[in-house]
Amino acid sequence: MVYGYAWNQFRRSQATAESAFDSDERARAKKRAMSWLRVLTGMATGRVRVGSPTPVKGFPAWLTPEIVRGGFATGAPAAAGPLEADELALTERLGMKPRRADLFAWFLSEAGLRQLDAWLTSGLYRLDLPEHGALLSVAWLRQHGRADDASELVRVLEPWAGRVRFWPYALTEPEAPGMHVATLPVVAGRLARKRPQRHVEAEREALSVWSPFTDKVLNHWWVTRSSEGTLGSVMSPDWIDGAKDLLTEYRGLAAENTLTKRHANPKGNLQILLAGLSACVAGEPSPRVMGQVRTAAANMVAKRGEPGSSALAGLRAAQARTAAEPSHAALAHDAAARLQATGRRGAVEDPVALLRGTPAEAVRSVRATTRQATQAPLPALLRHGIVRSAEMVAELAPQITAETVASRYANPPAGLLAKRLHLAFANRRSTLLLNRQSQVTIQALPWFALLEQAGVHDQEPDLAHAQAVDLAALTLRHFPGTLLPNSLIRELTRLFGLASEDVPLTYELASDIFMGSFSPVFQRAAQDTAPVVGGTLYANYYGIDYDRIMTMRAVQERSSRARFTPRAAVPEFDALVRSRAGVGPARWATDVVDNGRLIEQAQILTAQNLAVLVSAGVQLDWETQAREAWNAAKDHLSKTAGAKNLRHRKNAAIAWRQAIFYLSLSSDEQAADFAHDETLVEGLSPEITTWAEVIIRGLRETLETGAPADDPFLGWVARPDR
């Protein structure tokens, strides 16, 4: 399966590299194809081990591998590659050969260490990958009497000194407080990649090419009028030659301008006039052809005015001005150049101000993209719509965790270095994992571990806990009915870990690579869910016996001797999930639908982290959350008639599950009011309204009887042919 995925990605990239019209797109596709070729070569030779947290043979755990889509390693270090512009400039200034090994040695010299110390003191440096902070850590350890640790760290790094960059990028200005979705260079890159919209450029072509040419053809016919105004009455040899030239010109224009085909409509006025010209060039035109020409010309004059009239001239002048206006893509490119010219590398409080006075400032899409480089607190970014999804919150979460990391250091330069190392580690792309393995953690970085040992003075557990709770609450409040993404779960786990709390948060599992059994954290999460929703509407609706779950125990995980039987660490939990999902004996699952049903039942038993977070201290307006989650469910239900109906059904079931959970924490009166609120189905089509009413009726029956719903709304269902 993994070989097939990688091969398909290679073929798609190669096809794009050969067929893409845009040269930049071809170059990017060629680069992707080469990366996938390295992936395939690595897998074929055994150097790349798919499914391992350290996927490249011979790479230490701390070395960041280059990862492409899907979590596949190419076999190259991410911090390697050709020397960059600042490195080349430094080697030229120092009069040395452009080699990383020589730069590594220079940074360990007296002059190089002075440069590292200056960066540490000023904070004017940037780390894109954790390796970029390694020699800064060496310098800090030497400053603070840890020369032995610094020397040992240098010995660890030296084997890679010829390939990997272990020093930072210089900054010209300090970072502003707050956080950002993207930096100015990233935003500039996004603006520079914007391409013209085809329909807009087609309209521009129609106005700038075909409208003037149509007028030219009509003008040619217009001079053939008799004194009575009959078109086609006077045709001189020069006129026939002009007709030939117009037909030749049309063929050239049609070959060069292909964005619109309106001019080629055989029933359109232009084609009728051209057909008349062809007939005249070939000989005597028939009365039928001339009748069509006269009708088309009359229609054109009635609609836009006679050739040479002020009405037609005014219309064409306005259209010419419209066609001459730069496209939004061109304005985006101008904005990108303006942002790049500032030389700023971070984010700023008001990035749109950098475009003030330019035409690009008036383009909404350009402003929206530029605003992504706003530096501000997370609540402000959410309030202003700059952060628009839970996934975007997850992207920002490392910046929150990094602030907590920094707060634990007595020495400010060490705290800033630890913060930036944490952010750089967050840029380390996840690898594809199998068999419930875990990603490499930041503690695998020897320079970060040494920095922690030497610099941390206070764990600040209260701060870390509060930040985890606030981050979870903000995300749930702004994006109700949405699962917390795995990247956000990872940051919440780190924050709780900094608070010395072992909170059993669970990740969303992929149904296409699910290995048939669950890890102990799922059972622990279900047991922690019991005190929150045991005996409530949630447990009743889904028919969950939390007393049984509380008696379950984990076992020592052992590999099964049976070839097709998965390893089990929580066999009782696995058996309960399989029973609830109606999936057969515990064998390696090969059906995505069966896997999805198993995962969904595990999510139901654990409330997909909601109960665990409530136990940790998350507090919300539960009734409001329930209604907002239902609105999210309605939105997905209304889309189930489309091509992606199964995905929307699954998401609707997730949102509905959250609504049930929030109602379980609401008062009985609030839950009853919700269940009997007839406005809940407003705005839905008749078919979807009927479905929504059935879903809500199940909730109402559970509230009235306390019994499980006969048919609780689930996202994963068997295919109709089963």
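Me: What is the bridge partner of Ile67 in E2?

Reply: The partner of Ile67 in E2 is Ala73. The model is a predicted one, in which local features need pLDDT of at least 70, side-chain atom pairs count only at pLDDT 80 or more, and totals for chains, interfaces and linings use all residues. Residues are numbered from 1 along each chain as its sequence is written, and side-chain values use heavy atoms, with hydrogens and water left out.

Me: What makes E1 and E2 a pair of strands?

Reply: Two strands pair if DSSP finds at least two bridges between them. Three bridges join E1 (residues 65-68) to E2, and the two strands run antiparallel; E1 and E2 therefore meet the definition. Strands are DSSP runs of E with at least two residues, helices are runs of H or I with at least four, and both are numbered from the N terminus. In the hairpin of E1 and E2, three residues lie between the strands, and Gly70 takes a positive phi near 90 degrees.

Me: Why is Phe59 called buried?

Reply: Buried means under 20% relative accessible area, exposed means over 50%, and partly exposed lies in between (1.4 Å probe, protein chains only). Phe59 has a relative accessible area of 9%, so Phe59 is buried. This residue is found in the loop between helix H2 (23-45) and E1.

Strand E2 (residues 72-77) is mostly covered, with five of its six residues buried.

Me: What does Phe59 touch, not counting residues up to four places away in sequence?

Reply: Phe59 touches Arg47, Pro65, Gly75, Ala76, Pro77 and Trp160, where contact means heavy atoms within 4.5 Å. Phe59 and Ala76 are 17 residues apart in sequence and 9.3 Å apart in space, C-alpha to C-alpha.

Me: Why are H6 and H7 called roughly antiparallel?

Reply: Helix H6 (residues 134-143) and helix H7 (residues 147-157) pack at an angle of about 160 degrees, with their axes 7 Å apart. Axes are lines fitted to C-alpha atoms, for helices over the stretch in contact, and angles run from 0 to 180 degrees between N-to-C directions. Angles under 35 degrees count as roughly parallel, over 145 as roughly antiparallel, 65 to 115 as roughly perpendicular and the rest as oblique. H6 and H7 are therefore roughly antiparallel.

Me: Which residues of H6 and H7 make the contact?

Reply: Ala134, Leu135, Ser137, Val138, Leu141 and Arg142 of H6 meet Ala147, Asp149, Ala150, Leu153, Val154 and Leu157 of H7.

Me: Is Ser500 buried or exposed, and how do you know?

Reply: Ser500 has a relative accessible area of 64%, so Ser500 is exposed. Ser500 lies in the loop between helix H21 (486-498) and helix H22 (520-533). Its phi is positive, about 60 degrees, although Ser500 is not a glycine. Most residues other than glycine have a negative phi.

Me: Where is Gln608 found, and is Gln608 buried or exposed?

Reply: Gln608 is found in the loop between helix H26 (592-606) and helix H27 (610-616). Its relative accessible area is 6%, so Gln608 is buried. Phi of Gln608 is near 45 degrees, a positive value in a residue other than glycine.

Me: What makes Gln340 exposed?

Reply: The relative accessible area of Gln340 is 53%, so Gln340 counts as exposed. Gln340 is found in helix H14 (residues 328-341).

Me: How many helices and strands does the protein chain have?

Reply: The protein chain has 31 helices and four strands. Of its 722 residues, 48% count as buried.
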